[in-house]
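Subject: A structure for you to look at

Hello,

Here is the structure I promised to pass on. Have a look at it, and then read on for my notes.

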Amino acid sequence: MCEKCKEKFYITTPIYYPSAKLHIGHTYCTVATDAMARYKRLQGYDVMFLTGTDEHGQKIEDKAKDAGVTPQQFVDNIVEGPGGVLDLWKLMNISYDRFIRTTDDYHVAAIQKIFKKMYDNGDIYKGTYKGKYCKPCESFWTESQLVDGKCPDCGREVQDAEEEAYFFRLSKYAGRVQDLLENTDFLEPRSRVNEMVNNFIKPGLEDLCVSRTSFTWGVPVDFDPGHVVYVWIDALFNYMTALGFQNDKYQDLDKFWPADVHFVGKEIVRFHSIIWPAMLMSLNLPLPKKVYGHGWLLLDGGKMSKSKGNVVDPYILAERFGVDALRFFLLRSFPFGSDGNFSNELLINTINVDLANDLGNLVSRTVAMAQKYFGEHLPAQQAADEEKDAELVTMASSLRGKYEAEMEKYAFQNALAEVFKVISRANKYIDENAPWVLAKSEENKPRLARVLYNLLETVRICGGLLTPFMPDTAGEIARRLGGARMDWDSLGTFGVLDPQVAVVAGPALFPRIDVEKELAALEEMSKPPVPELEIEPYSDEKVDFDTFCKSDFRAVKVKDCKPVKKSDKLLCFTLDDGTGTDRQILSGIAKYYKPEELIGKTLVAITNLPPRKMMGRDSNGMLLSAVHTEKGEEKLNLIMISDTIPAGAKLC
């Protein structure tokens, strides 16, 4: 058993706020966390990698209402539905060990207990919140924290907010938190410490609003109906509830807490480095060992953000370039602690230079030459030539130590740079030793075998150390090297590969991309689609005004809606038409709506049509719909009007 096998490592990403559009920025943080988790597993650690979704809040409640679904249905679709969070993590090969949703029953119950404990110890009290609120960011701000009167995070307008609320005595812990930040390595990079201390603590740390009464979609405060727990407690304590804190769902708390590191975007460093430790101090709980605040991916100089509508679709990029290439690009191109300027051109050039030219070329040439010159197996090899082989062998032998030093600092870019120094040296080694020349003479075959062995062994070490970044590619490299070992211990030693290795040929790992052609294709794909719509032709037949006035248009509210048995078209509506007697209307829109989506909606009906029998049932009127044809398929949309209009109101 390796020396690391009994050690534990707990790493987390933030739990993501559900959005209809996940972007490459979400992928960036999670891929980095996945790379670190895979690296620690490669070393032999017992790893717990947690991610999840933060699903409560006013914004979710509003979006669900706009969509005509419940908040739970809204978040379920975004998390578990097609193209949702779980789909994206599967696509990006994210090897999380546990996924938490803040709507999970065990988490909700645990948060209620945590809130009550903090209330009982005097660190939560009731008051009135009055200040500035940014709805897209779900954040409260003081006047002094605003930038040009707007949210400092997203730059949008804020609104005045005033409501009864509970507060956490954050100010009580200002001194202890400042000491933690200034005198330990709890928060990295170090530049983040100055931001937190100078911008938030020194100006005066205010107590924190931790409940809301202006919406209901949240964890209820069980001892004070009408209040829901706000995001600070609900979201931050997921790191512990997911291990079993204050619940019986899991029993990993003693094993994995405190966390070794929380990876978070710099926009939420304040929550994790000030609020989170203060709340843990309030409950006398151990603090996480480290919070690492990474930078943003920028697009055209601005933060990539779903609330700005400024996103890059990871599905498109992964489909066109491959998941491993995308994962590699994210961590090779930008220092993890700093902002990075994303562009499609940079992505393509990185793939062409590093993956196609350097790595892919090295693997393909080496394997092809081994097969061409020796067939199934390498023969006996000449001893290493000190003058010709020493530099490559030394670089490959010492690579693991240099790589490890950078990975321990979360310097992914630097770790990859060390690997590619060796890959570059190996490609140069091919040119220096010219295997194609050695192959012309039988007496040089032992030397040729040594050259190829050195190259294959270098490929093995480099491929193994790329495992955290490109797991599928590393597996393919191992296969082409005859199933070579790529465990951590073997990657620190040169000469582990079987001297008579049987290599396996394969297609190019990363074919070169035509930059101009691909950029043009991506630009075309980014254009908004033009809907292929057809509308019904206008009628030339004129209707006189008196005839029109005979139609009685009324607002009706849907009390119930059910499918009609043996019909794939009809829905049966029970409607409040304001008369006190329910009205039944059948409508052929089952293809376009789920019945439960329509309950509570206000529709428009013509109520003075003669009754009709449909599937043996009476239909007393007709619901108004708009009809059009889209891409050859007819679409119906019920006319829905404001819920403030009472049932029975006449439309004129």
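Is Asp234 buried or exposed? Bear in mind that this is a predicted model. In the model, Asp234 has a relative accessible area of 1%, so it is buried. You will find Asp234 in helix α8, which covers residues 231-236. Apart from its neighbours within four places in sequence, Asp234 is in contact with His56, Thr102, His107, Ile111, Val219 and Val229.

Next, the nonpolar cores. The largest one has 102 residues, and Phe263, Leu359 and Phe412 have the most contacts inside it. Helix α14 (residues 344-374) gives this core its largest share, 13 residues. There is also a second, separate core of 71 residues, with Tyr10, Ile15, Ala235 and Ala259 among them. As a general point, nonpolar side chains in soluble globular proteins tend to be buried together.

Leaving aside neighbours within four places in sequence, Phe412 is in contact with Ala32, Ala35, Met36, Phe263, Leu331, Phe336, Met407 and Phe469.

After α2 comes Gly68, which has a positive phi, near 75°.

What about the surface? Val543, Phe545 and Phe548 make a nonpolar patch there of about 360 Å². Phe545 belongs to helix α21 (residues 545-549). With a relative accessible area of 62%, Phe545 is exposed.

Finally, the cysteines. How many disulfides does the count come to? The count is 0. Cys134 is in no disulfide, and the nearest cysteine sulfur, that of Cys151, is 3.6 Å away. A disulfide would need the two sulfur atoms within 2.5 Å. Cys134 counts as buried because its relative accessibility is 0%. Cys462 counts as buried too, at 2% relative accessibility.

Enjoy exploring, and write back with any questions.

Best wishes

Key. Residues are numbered from 1 along each chain as its sequence is written. This is a predicted model: local features need pLDDT of at least 70, side-chain atom pairs count only at pLDDT 80 or more; totals for chains, interfaces and linings use all residues. Side-chain values use heavy atoms; hydrogens and water are left out. A nonpolar core is a set of buried Ala, Val, Leu, Ile, Met, Phe, Trp, Tyr and Cys residues joined through side-chain atoms within 4.5 Å. Buried means under 20% relative accessible area, exposed over 50%, partly exposed in between (1.4 Å probe, protein chains only). Helices (H or I, at least four residues) and strands (E, at least two) are DSSP runs, numbered from the N terminus. Contact means heavy atoms within 4.5 Å. Patches are made of residues with over 30% relative accessible area and no salt bridge: like charges are joined within 9 Å, nonpolar side chains (Val, Leu, Ile, Met, Phe, Trp, Tyr) within 5 Å. Accessible areas come from the Shrake-Rupley method with a 1.4 Å probe; for residues, only the protein chains shown count as cover. A salt bridge is a side-chain nitrogen of Lys or Arg within 4 Å of a carboxyl oxygen of Asp or Glu.
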